[in-house]
Amino acid sequence: MSDLFTGRHRKLLLDLLRLPSVNPLEAGPDDPPSRLPEILQRYATAAADMGFRTVRLASPPAACLHGPGVPSTVRAAARDPRFLADQPSLLLRLGPERPRAHTVMFNVHLDTVAGHTLPAFNGVRFTGRGAVDAKGPAVALLAGLRAAASHPAVGRDVTVLLQAVAGEEGGALGTYGTRPLLEAGHHGRLNVFCEPTGLRALPRATAAMTARITVAGEDAVDDHPDAGHNATVLMGFLAQHLAARLDGAVPGTRVCVAGLHTGRTHNRVHGTGTLLLNLSYRRTADGDRLKTEVTRHVADGLHRFTELFAHTREFARTARDAARITRLGWDKEGLPALDDSDPWAEELLARAGARPAAGDPGFTCDAIWAAGLDDAFTTVLGPGCLAANRAHAPGEFVDLADLEEFAGVVRRLVTFFAEAVPAASAQRPP
């Protein structure tokens, strides 16, 4: 095994893991304040030692929140001016600005989910929040690029862009991190989003939308439960109805019946509540169909609830008013899904050591914003696995051997790209 992930990379990764960078949309009461700007500065300093120049290190423009697809949770959080100010993104470049055909771009996020812990390294394994998602891949990327930069054509004939962004976690979905950079044209002929895929090159990324079903009725005392609107019974019925009707309703989509909340006390009827559904899809058209199905089945569920409970003693009022007091809204919707294909780029990735995607359906990440880029191919690729490496869970880890292997894939991919691009770019169909 080569030794690309050297002692300096091990030290850098431990430094980045030690500094908290919990996305504010995720942060719990026990999480320390994010120090993302300091993390990005250290990352830029490490890259500068390899010849990378900082093109941009700044907070996203407020205008990025006005585009379609921005989750309502992001818009609400951004009412605090510190929200965007504390979450800058970094754009690095090796070589001069060149046409897309001669540019390869890497993207990695350095914000994390909640649950910051002090890191550890036992000689073979790093543990800590962000170890695999995605500070470990970010440092392994630098290790691979350092080795690739020794190839004479890298920087001289082709340019490497590196995006290190905020705003991937917490349901932000890259709307204020990756998306503004791509919309500004900072991408290449080949774009690699570094996420844990077990070194499989996934040319796809699912998108997700979040439905919020709200009941706005009246409370009642427990001695007269018939006097109020029982949101608990109504929402519970809708949750089961939607689970039964939406499971498999649209092939290629997934349905997560998520949080349901009405109240915590035992001696009252809770008249208000919310039910959240998270809905992912592999193709944008499938997402549109799933949204239509959700709308249809919410209406159908309300109708069935009214039929079932109209003649009961305790729930007749809720049944009568169910349609009036229930509203279906969307916290986020209209996001694109990535489903790319390019034999030339996929052959290049395979030669570099990336494993085939096979039937892996992919997952939701910032790569969705690369969907539909002209004359470009986009893949998701990185070390470790989201589930096996306990991303988003206690005990998150990544193994040194996996980081080393990923660094090797990056080195070969960039050098092969530098050697192949001049001829291949002319073969790309319009």
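This is a predicted model: local features need pLDDT of at least 70, side-chain atom pairs count only at pLDDT 80 or more; totals for chains, interfaces and linings use all residues.

Residues are numbered from 1 along each chain as its sequence is written, and side-chain values use heavy atoms, with hydrogens and water left out.

**The open sheet**

Helices (H or I, at least four residues) and strands (E, at least two) are DSSP runs, numbered from the N terminus. Begin with the four strands of an open sheet, which has the order S11-S13-S9-S14 and antiparallel pairing; two strands count as paired if DSSP finds at least two bridges between them. Strand S11 (253–261) and strand S14 (326–332) stand at the edges, each with a single partner strand, so one side of each is left without a neighbour in the sheet. Direction ignored, neighbouring strands of this sheet are turned by 20° against each other on average, where axes are lines fitted to C-alpha atoms (for helices over the stretch in contact) and angles run from 0 to 180 degrees between N-to-C directions.

Now select strand S13 (residues 272–281) together with S11, a pair that runs antiparallel over seven bridges.

Which residues of H9 are buried? They are Arg-317, Thr-318, Ala-319, Asp-321, Ala-322 and Ile-325, where buried means under 20% relative accessible area, exposed over 50% and partly exposed in between (1.4 Å probe, protein chains only). Their cover includes S9, H7, helix H8 (284–309) and S14.

**The nonpolar cores**

A nonpolar core is a set of buried Ala, Val, Leu, Ile, Met, Phe, Trp, Tyr and Cys residues joined through side-chain atoms within 4.5 Å. Select Tyr-43, Phe-106 and Leu-145, which touch the most other members among the 71 residues of the largest nonpolar core. The largest share of this core, 13 residues, comes from helix H11 (residues 400–424). If you stay on Tyr-43 and leave out residues up to four places away in sequence, its contacts (heavy atoms within 4.5 Å) include Leu-16, Leu-90, Val-108 and Leu-162. Apart from this core lies another, of 49 residues, among them Leu-242, Leu-290, Ala-322 and Ala-370.

**Two parallel strands**

Next, select strand S7 (residues 190–193) and S16, which run parallel and are joined by four bridges; the bridge partner of Leu-190 in S16 is Phe-377. Show the side chains of strand S16 (residues 377–380), where Phe-377 and Thr-379 point one way, Thr-378 and Val-380 point the other way, and all are buried. In a regular strand the side chains alternate between the two faces of the sheet.

**A buried histidine**

Select His-241 in helix H7 (residues 231–246). Is His-241 buried or exposed? It is buried, with a relative accessible area of 5%. A polar contact of 3.2 Å joins its side chain to that of Asp-300; such a contact is a pair of N or O atoms within 3.5 Å, and within protein one must be able to donate a hydrogen and the other to accept it, while residues adjacent in sequence count only if both atoms are side-chain atoms. Leaving aside neighbours within four places in sequence, His-241 is in contact with His-297, Asp-300, Gly-301 and Arg-304.

**Salt bridges**

A search of the whole structure finds 26 salt bridges, each a side-chain nitrogen of Lys or Arg within 4 Å of a carboxyl oxygen of Asp or Glu. Select Arg-8 and Asp-49, whose side chains meet in one of them (2.9 Å, N to O). Arg-8 lies in helix H1 (residues 7–18) and Asp-49 in the loop between helix H2 (36–48) and strand S1 (53–58), so the pair ties together parts that are 41 residues apart in sequence.

Finish with Glu-347 and Arg-351, which also meet in a salt bridge (3.3 Å, N to O) and lie in helix H10 (residues 343–352), four residues apart, about one turn of the helix.
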